[in-house]
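Hello,

Here is the structure I said I would pass on to you. Please open it first, and then read my notes below alongside it.

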Amino acid sequence: MPILTISKLADELFLRPIVISMNSLALSALMSYVMSANGSIDWRPITIWVTADILVMGADHLKDKEEEFLSDCNNVNDPRLASWFIYARIFLTANTVLFAWALSQCPISTLLTTAAFIAPALLWTTPISFEKFALISRRLLRMFGKDKRQHYTPAPVLVIKRIPGMKAIFNGIIRGCGAYTVVFSVLSGSGNLTNTLPSPWSVIQLIVWSTVNRTCHAIMTDVRDFEDDMKAGVPTIPVLLGSILKTKAILTACHMLVMLAFIENKYIMGSCLFATILVWMLGKHSPKKAFLISSHSQSLFIIWYMFTTYIHV
């Protein structure tokens, strides 16, 4: 079992969630800017997505590290390690307050939209039992006098993360489509939604590029964990394909298709080329921190666009 250290806790509980959330900051800022009627950046969808990213990832990492912490009696007796879990809870609480405050400043449609995309992420590793539904159905059958002697099997338990091949796809839909719908609901609710996006952007570009990019990045993290997932039987796409090479070929095809579909947009083209290079540079033996670069294959080109736009204003 790996030794739990302060630097490891700081990385997993603070640094990694913050760094990953910066992509949500860049993406939601871009969407807010190009979709607004007056060319302004609305702080509300940005705050919602950054804090949501930190909450979902931070809570997941906190749960994993607490289990690792409690599994070793030597850790329990170390007050320095224990204090980092207190700091993490304070950090997550502060983000929860900020998240709730941003939502309170938005129309009810934003609350509903956010809940629809955030709920699956919060329930990512939570076993969802259908026992209650099975119990209701059995009672209804008895009421109507049907199947009284039928033997009922236990209701199935669903874990979203364990749905074969869908982990990365759900991740991409939540981060890509979710960001767009939240920005749309905020701007439309405040009457600041434009009918025409500035060149070279379009709604289809934003949704497809974001969803595919986030999905491909999630699959790249599965490439990193390929051997561990294979041993544990986690049904990720690389495990289902049984090959890292096949996975990288599919990721390359996805990035190339998006690039060719939106070749008139140099920012998307550059992002797709950069992401493709990272697909072949990173592998199962690459350090975890190297994959943080992959999480920002969009961010760098969004910054480029925002910078050049403000220079010309």
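**Aromatic rings**

One aromatic cluster is formed by Tyr33, Trp201, Trp209, Tyr267, Phe274, Phe301, Trp304 and Tyr305. Please keep in mind that this is a predicted model.

In total, the structure holds 14 aromatic pairs. One of them joins Trp84 and Tyr87, an edge-to-face pair with 5.6 Å from centre to centre and 75° between the planes. Both residues sit in helix H4 (residues 79-104), three residues apart, which is about one turn of the helix. Trp84 is partly exposed, at 22% relative accessibility, and Tyr87 is partly exposed too, at 43%.

Tyr267 and Tyr305 give another example: their ring centres are 5.2 Å apart and their planes stand at 75°, so this pair is edge-to-face. It links distant parts of the chain, with Tyr267 in helix H12 (residues 266-281) and Tyr305 in helix H14, 38 residues apart.

**Salt bridges**

Side chains of opposite charge can pair when their charged atoms come close. There are nine salt bridges in the structure. In one of them, Lys8 pairs with Glu68, and the closest N and O atoms are 3.5 Å apart. Lys8 belongs to helix H1 (residues 6-35) and Glu68 to helix H2 (residues 43-70), so the bridge ties together parts that are 60 residues apart in sequence. Lys8 is partly exposed at 24% relative accessibility, whereas Glu68 is buried at 14%.

Glu68 also meets Lys65 in a salt bridge (3.2 Å, N to O). Lys65 and Glu68 are three residues apart in helix H2, so about one helical turn separates them. Lys65 is buried, with 9% relative accessibility.

Elsewhere, Lys284 forms a salt bridge with Glu227, with 3.1 Å between the closest N and O atoms. Lys284 lies in the loop between H12 and helix H13 (291-294), while Glu227 lies in helix H9 (residues 226-232), so parts 57 residues apart in sequence are tied together.

**One serine to look at**

Ser299 lies in helix H14 (residues 299-312) and is buried, with a relative accessible area of 4%. Its side chain makes a polar contact of 3.0 Å with the side chain of Asn23. Leaving aside residues up to four places away in sequence, Ser299 touches Met22, Asn23 and Ala26.

Best wishes

Conventions. Residues numbered from 1 in each chain as written. Predicted model: local features only at pLDDT ≥ 70, side-chain atom pairs only at ≥ 80, totals over all residues. Heavy atoms only, no water. Helix = DSSP H or I, 4+ residues; strand = E, 2+ residues; numbered from the N terminus. Buried < 20%, exposed > 50% of the residue type's maximum accessible area, 1.4 Å probe, protein only. Polar contact = N/O pair within 3.5 Å; in protein donor to acceptor, adjacent residues only side chain to side chain. Contact = heavy atoms within 4.5 Å. Phe/Tyr/Trp six-rings, centres within 6.5 Å; stacked < 30°, edge-to-face > 60°. Salt bridge = Lys/Arg side-chain N within 4 Å of Asp/Glu carboxyl O.
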